[in-house]
Amino acid sequence: MTSTLPPEVRDAFERFVTCELTTVDAAKQPITWPVTPYYGQGGPTIDVTTGLGYPKKADDAQAHPSVALLFSDPTGSGIDSGIKVLVQGTATVDDEDLKANADRYYRESIAKLPATKKMHPPKPMRNLLNWYYARLYIKVRPERVFVWPKGNLAEEPVVHDAHLEEVRSGHAQEPVEPHGPPTGGKPTWDRRMDFLNEHDTGVLSWLGPDGFPISVRVPFRPDASSREIAIEEEPAALPLIEARACLTVHRHGPDFRWQRNMQVRGDLSRSADGWRLVSRRVVGGFELPEGRLGRFRDFVKKGPRFNRTYRRRLRERA
């Protein structure tokens, strides 16, 4: 399908440094992660990757292959049109040859992000970090593509390979997939939420009626007193649903020498004042701190846990 898309859409797939991958877990909770997309012009899939030491993205995509990729942050891409693209697609996980995947990751990541070459350790040391370099590839075949040429959510998107009326009405020809029950419990709010104040917009994701997640970048306003996040704009033609949702914020340098990200999972609901996300869980992502010393400290702190997962998964594969 990608070969028939407009060139500006394919350029976004190829040139964006990050996009937002949304998977759905066993509890029907959408989870959005910033990832680096790998795409060649005319290729059948858009590929993203994760390490065997932190495989949740791949595990969820394997169990629930309907996923979404949102291209909404052009930092470092050289694209200044404001274009935003949502891809709903079917995912397959390539985990057959971990060594070949590691070689591919090292080669492609340096080609796409040349400034990060010096951040990689020498090859003998990379073997000591197999929890990171043993890669799982999530290959997303687009099924439906929404394009906002200038990024204006108030305008209806241009939709490729879909019936827009199905999306607008919330009724799809595919069997309706049940949503998970509300998360419930007490709202969660801690000092990590301060990172929200550094952002005017974030990626809001929820599960559509046909089982594909929907993701859009929306303006929001955190309210610590109520432990809720006000969603300040509703996208045209993509109806919000009272259900589990996720709001993700992230930031990275133009050359990707550093990145920060965080996600808030909770319950999306409509109130008299508009749509609000009640925070139920705050999750930090895999980050790249600024500076060599900061990255070393982060790897030392998180490495043992990821390495245990890596070794367990190797035993399971054996």
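**Figure 1. The largest nonpolar core of the predicted model.** This core has 42 residues, of which V9, F13, L69, F71, V85, V87 and I138 touch the most other members. A nonpolar core is a set of buried Ala, Val, Leu, Ile, Met, Phe, Trp, Tyr and Cys residues joined through side-chain atoms within 4.5 Å; buried denotes under 20% relative accessible area, exposed over 50%, and partly exposed the range in between (1.4 Å probe, protein chains only). Strand β6 (residues 135-148) supplies the largest share of the core, six residues. Helices (H or I, at least four residues) and strands (E, at least two) are DSSP runs, numbered from the N terminus. A second, separate core of 31 residues includes W148, L153, V216 and F220. In soluble globular proteins, nonpolar side chains tend to be buried together. The structure is a predicted model, in which local features need pLDDT of at least 70 and side-chain atom pairs count only at pLDDT 80 or more, while totals for chains, interfaces and linings use all residues. Residues are numbered from 1 along each chain as its sequence is written, and side-chain values use heavy atoms, with hydrogens and water left out.

Figure 2. Contact means heavy atoms within 4.5 Å. Leaving aside residues up to four places away in sequence, F71 touches A12, F13, F16, C19, E20, P37, I46, I83, K84, V85 and V87. L70 belongs to strand β4 (residues 66-71) and is buried, with a relative accessible area of 1%. With residues up to four places away in sequence again not counted, the contacts of L70 are C19, E20, V85, L86, V203, S215, V216 and R217. The C-alpha atoms of L70 and I241 are separated by 18 Å, and the two residues are 171 residues apart along the chain.

**Figure 3. The salt bridge between R217 and E20.** The closest N and O atoms of R217 and E20 are 3.2 Å apart. A salt bridge is a side-chain nitrogen of Lys or Arg within 4 Å of a carboxyl oxygen of Asp or Glu, and the structure holds 20 of these pairs. R217 lies in strand β9 (residues 213-223) and E20 in strand β1 (residues 19-24), so the pair ties together parts that are 197 residues apart in sequence. Both R217 and E20 are buried.

**Figure 4. Helix α3 and its N-terminal cap.** Helix α3 (residues 98-112) has 15 residues, which at 1.5 Å a residue should span 21 Å; the end C-alpha atoms are 21 Å apart, in agreement with this value. The expected span is 1.5 Å times one less than the number of residues in the helix. D97 caps the N-terminal end of α3, with a side-chain oxygen 3.3 Å from the backbone nitrogen of K99. A polar contact is a pair of N or O atoms within 3.5 Å; within protein, one must be able to donate a hydrogen and the other to accept it, and residues adjacent in sequence count only if both atoms are side-chain atoms. The buried residues of α3 include L98, N101, A102, Y105 and I110. R104 forms a salt bridge with E108, the closest N and O atoms being 2.9 Å apart. These two residues of α3 are four residues apart, about one turn of the helix. R104 is buried, with a relative accessible area of 15%, whereas E108 counts as partly exposed at 23% relative accessibility.

**Figure 5. R244, a buried arginine without a salt bridge.** R244 lies in strand β11 (residues 243-252). R244 is buried, and the nearest side chain of opposite charge, D267, is 5.2 Å away. For charge assignment, Lys and Arg count as positive and Asp and Glu as negative, while His and the chain ends are not counted. Residues touched by R244, not counting those up to four places away in sequence, include K28, P30, P182, W206 and D267.

**Figure 6. Positive phi values in two loops.** Most residues other than glycine have a negative phi. A237, although not a glycine, has a positive phi of about 70°; A237 is found in the loop between β10 (228-231) and β11 and counts as buried at 12% relative accessibility. F256, likewise not a glycine, has a positive phi of about 65°. F256 is found in the loop between β11 and β12 (259-271) and is buried, with a relative accessible area of 8%.
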